[in-house]
Amino acid sequence: MELSYILNELGEDREMYFNSVAPPIIQTSNFSCKTVNALREALLHESEVEFYTRGNNPTTDLLEKKVAALEGAEHALAFGSGIAAVSAAVMSQVNAGDHIVSVAKPYSWTNTLLKKYLPKFGVETTFVDGRDAANFEKAIKPNTRVFYLESPNSFTFELQDIAAVTKIAKAHNIITIIDNSYATPLFQQPIALGVDIVVHAATKYISGHSDTMGGIICSTHARITKIFESEFMTLGGIISPFNSWLLLRGLRTLPIRMERIADTTRKVVDYLTKQPKVQKIFFPFLPTDSQYELARRQMSNNSGQFTIQLQTENLEEIDRFCDNLKHFLMAASWGGHESLIYPTAASYNAGNYKSDLPPNLIRFYIGLEDADYLIKDLDQAFALI
Ligand SMILES: *Cc1c(COP(=O)(O)O)cnc(C)c1O
């Protein structure tokens, strides 16, 4: 399917709603049936029909159709947040006594899910350095059911060789789940590389405007139906029709936003490579990065996140640099119009966010501003340390 068709036409039943160009927000909790037989049919096929918005809603269905098509998946299921999608995807594939092998340092709450929450139900996780696919194979136990991937992973952006990992998984009958939020379906196509289940924090690039949260799972029809009938309907982490509508609006401009962000990010990173106060840049698309070849092979472009390590470890200097950036907001999340920083110096003794990373790392997200505007700002802040 062509990208333009997916984003502009797929699933749009305009004649059903007065030929309006934008789809309606079907803000309802339930849908009525005309006859007992119609009600009987709805109950029998709840995963396929509009009956109750905790199950299906037309605005959300349209979002699911488009994201599934973008990922080359048969079907998708939307959630109220990215972590709701991650949790449902993982929990759908394990039972008490099972084992998961996960890439080290996944997204913070994914880490909490695997390390602290699932052990309550007798599910254990081994974390491995994902840069070498063989580490996944070495960690396999007789009860391993899932390989959990996030490529690139959060904060340090290490890649996993997705095709190599899925090959090992298939040989051992293990399900692979990947968080593809960083790359978006435009820059990385995990299903084509053999992955079974793709999840997204739609809050990030799919939204693109920092004004809604959402998550999505993409997989086969059979697997999505199974998740619908268990985790989706019982845990109830659904998205509201209005937030689905905002994500649909975000999708329309995803290609131009991603292209712009990719270009600006390369310009900013190029500036940072020449900045003597920067010791290291974590960015797989840097030609000097040890995973550059792999990045070029399995992703079609870079996104807007990277991390720098400052030369200084002096907390006072790190704070001064961050506090004096005028055009970068200091915030969690990413994927919106606005550039952001997130320093590890803030994570010391911070409960669930407590970090093992050194205090002189600063994660950047590059938004839709002009590169020169951002570089000038960085320049004045570097001059202060
Ligand atoms: C933000 C994020 C999530 C969680 O998404 P929420 O919408 O905040 O729940 C999951 N994975 C990655 C990689 C993220 O950056």
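A nonpolar core is a set of buried Ala, Val, Leu, Ile, Met, Phe, Trp, Tyr and Cys residues joined through side-chain atoms within 4.5 Å. Keep that in mind for the first stops. The model on screen is predicted.

**Stop 1: the largest core**

Select Leu272, Phe306, Ile308, Phe321, Leu378 and Phe382. Of the 85 residues in the largest nonpolar core, these touch the most other members. Now colour helix H11, residues 254–273. H11 gives the most to this core, with eight residues. Why does the core lie between domain 1 and domain 2? Both domain 1 (3–252) and domain 2 (254–382) give residues to it, so the core lies between them.

In general, nonpolar side chains tend to be buried together in soluble globular proteins.

Centre on Leu272. Which residues does Leu272 touch, leaving out those up to four places away in sequence? They are Val278, Ile281, Phe306, Ile308, Leu378 and Phe382.

Next, select Ala89, Val90, Leu118 and Ile217. They are among the 25 residues of a second, separate core.

**Stop 2: the largest pocket**

Select Pro106, Tyr107, Ser108, Trp109 and Ser154. Of the 43 residues that line the largest pocket, these lie nearest its centre. The pocket has a volume of about 1,200 Å³.

H5 has the largest share, six residues.

Colour the lining by class. Expect 18 nonpolar, 16 polar and nine charged residues. Then colour by domain. Domain 1 (3–252) and domain 2 (254–382) both contribute to the lining of the largest pocket, so this pocket lies between them.

**Stop 3: the second largest pocket**

Move to Glu50, Pro58, Asp61, Leu62 and Lys65. These lie nearest the centre of the second largest pocket, which is lined by 28 residues. About 630 Å³ of space lies here.

Which elements give two or more residues to this lining? Show helix H3 (58–71), S1 and H9. The largest share comes from H3, with eight residues. By class, the lining has 14 nonpolar, seven polar and seven charged residues.

**Stop 4: the cavities**

How many cavities of 30 Å³ or more does a search of the whole structure find? The search finds two.

For the largest cavity, select Ser47, Asn56, Glu64, His75, Ala76, Leu77, Ile224, Thr225 and Phe228, which line it. Strand S1 (75–79) and helix H9 (221–235) are the elements that give two or more residues to this lining. The space inside is about 60 Å³. Four lining residues are nonpolar, four are polar and one is charged.

For the second largest cavity, select Thr53, Gly55, Asn56, Asn57, Thr60, Glu64, Ala78, Phe232, Ile238 and Ile239, which form its lining. About 50 Å³ of space lies within. Here the classes are four nonpolar, five polar and one charged.

Finish on Asn56 and Glu64. Both line the largest cavity, and both also line the second largest cavity.

Terms used
Residues are numbered from 1 along each chain as its sequence is written. This is a predicted model: local features need pLDDT of at least 70, side-chain atom pairs count only at pLDDT 80 or more; totals for chains, interfaces and linings use all residues. Side-chain values use heavy atoms; hydrogens and water are left out. Buried means under 20% relative accessible area, exposed over 50%, partly exposed in between (1.4 Å probe, protein chains only). Helices (H or I, at least four residues) and strands (E, at least two) are DSSP runs, numbered from the N terminus. Domain bounds come from an automatic or database domain assignment. Contact means heavy atoms within 4.5 Å. On a 1 Å grid over the protein atoms alone, a cavity is a set of points where a 1.4 Å probe fits but cannot get out, and a pocket is an open set with protein on both sides within 12 Å along at least five of seven lines; lining residues have an atom within 4 Å of a point. Grid points are joined across faces, edges and corners, and a volume is the space filled by probe spheres set on the points. Ala, Val, Leu, Ile, Met, Phe, Trp, Tyr, Cys and Pro count as nonpolar, Asp, Glu, Lys and Arg as charged, and the others, Gly among them, as polar.
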